[in-house]
Amino acid sequence: MKRNLRPAARTQPWHPYAWQAQSLLLAYPDEQQEQRLDLARRAAAALPGRVRDPLLAFAGYAGRTPAADLATAYVATFDHRKRCCPYLTYYAHGDTRKRGIALLRLKQAYAAAGLRLAEDELPDHLAVVLEFAGTDPAAGHRLLTEHRAGLELLRLALRSEDSPWAWVLESVSATLPPLKGDDRDAVARLAAEGPPEEEVGLAPYTPAPFMPDPAGGPR
């Protein structure tokens, strides 16, 4: 009997630096933005071109953009557009009981690795997942690969919005295996049908419907 198993995640020595840099650039642009941009630029310098160049493009854009304008664009993009949702379990489970379970498992995995979330952080925000991947590359690579379809849909949505954060998603995609059969089918299905719609079981984890306060926040 033939079994369709996903191959084991393979990481490179530069992967943690890439994921940490991407995490920094996907955080809410607050008063620490300049420090994050500087750290991301320094980390990007040692990365392969396909991963480095999109990060430097975003860092250049962000460095030229007034902080208030960048923060406004961040909220408009990630808080007000469902198609640009940065919460990875939403793509797989929508607002269903299964998403609540997935969020709990993520929190448990982070706690086991010694990663503590801030009060206003959700465990499936891409910036948080990337931060975790930078500290535990093997587990992080598996987690990102499991959400490959959602990541691809987010990348396409950001690109269609002409969002500068599309550069960061281009860089994230460049750290992961290319889309194949099942992943391509999942992306097409998500684009056509959207995530599951059962709206129960999430109260302990995220406010309705699933997005953060429109005022924005760190992640």
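Is Cys85 buried or exposed, by its relative accessible area? Cys85 is buried, at 0%, where buried stands for under 20% relative accessible area, exposed for over 50%, and partly exposed for the range in between (1.4 Å probe, protein chains only). The legends below take you through this and other spots in a predicted model, in which local features need pLDDT of at least 70, side-chain atom pairs count only at pLDDT 80 or more, and totals for chains, interfaces and linings use all residues. Residues are numbered from 1 along each chain as its sequence is written, and side-chain values use heavy atoms, with hydrogens and water left out.

**View 1. The whole chain is built from 11 helices and 0 strands.** Helices (H or I, at least four residues) and strands (E, at least two) are DSSP runs, numbered from the N terminus. Read from that end, the elements run α-α-α-α-α-α-α-α-α-α-α. Of the 219 residues in the protein chain, 48% are buried. Take contacts (heavy atoms within 4.5 Å): among those between residues at least 6 apart in sequence, 74% join residues at least 24 apart.

**View 2. Cys84 and Cys85 take part in no disulfide.** A disulfide is a covalent bond between the sulfur atoms of two cysteines; here it is counted when a pair of cysteine sulfur atoms lies within 2.5 Å. The structure holds 0 of them. For Cys84, the nearest cysteine sulfur is that of Cys85, 9.2 Å away. Cys84 has 0% relative accessibility and therefore counts as buried.

**View 3. The largest nonpolar core brings together 54 residues.** Such a core is a set of buried Ala, Val, Leu, Ile, Met, Phe, Trp, Tyr and Cys residues joined through side-chain atoms within 4.5 Å. In soluble globular proteins, nonpolar side chains tend to be buried together. Residues with the most contacts inside this core include Leu26, Leu126, Leu144 and Trp165. Helix H7 (residues 126–135) gives the most to the core, with 7 residues. Tyr110 is another of the residues with the most contacts. Leaving aside residues up to four places away in sequence, Tyr110 touches Leu115, Leu117, Pro123, Val128, Val129, Phe132 and Leu143.

View 4. Val51, Pro54, Leu55, Phe58, Ala59 and Ala62 are buried in H3. The partners of the buried residues are helix H1 (15–25), helix H2 (33–44), helix H4 (67–79) and helix H10 (166–173).

**View 5. Helix H9 (residues 148–160) is largely enclosed by the rest of the structure.** In H9, 10 of the 13 residues are buried, among them Gly150, Leu151, Leu153, Leu154 and Leu158. The end C-alpha atoms of H9 are 18 Å apart, which agrees with the 18 Å that its 13 residues should span at 1.5 Å a residue. After H9 comes Asp162, whose phi is positive, near 55°.

**View 6. Glu161 forms salt bridges with Arg81 and Arg83.** A salt bridge is a side-chain nitrogen of Lys or Arg within 4 Å of a carboxyl oxygen of Asp or Glu, and the structure holds 9. Arg81 and Glu161 meet at 3.4 Å, N to O. This pair links distant parts of the chain, 80 residues apart: Arg81 is in the loop between H4 and helix H5 (88–93), and Glu161 is in the loop between H9 and H10. The closest N and O atoms of Arg83 and Glu161 are 3.1 Å apart. Arg83 is partly exposed, at 46% relative accessible area; Arg81 is also partly exposed, at 31%, and Glu161 is partly exposed at 31%.

**View 7. Asp124 and Arg99 form a buried salt bridge.** Their closest N and O atoms are 3.1 Å apart. Asp124 lies in the loop between helix H6 (97–112) and H7, and Arg99 in H6, so the pair ties together parts that are 25 residues apart in sequence. Elsewhere, salt bridges link Arg148, Glu152, Arg155 and Glu170 in a network.

Conventions
Expected span 1.5 Å × (residues − 1).
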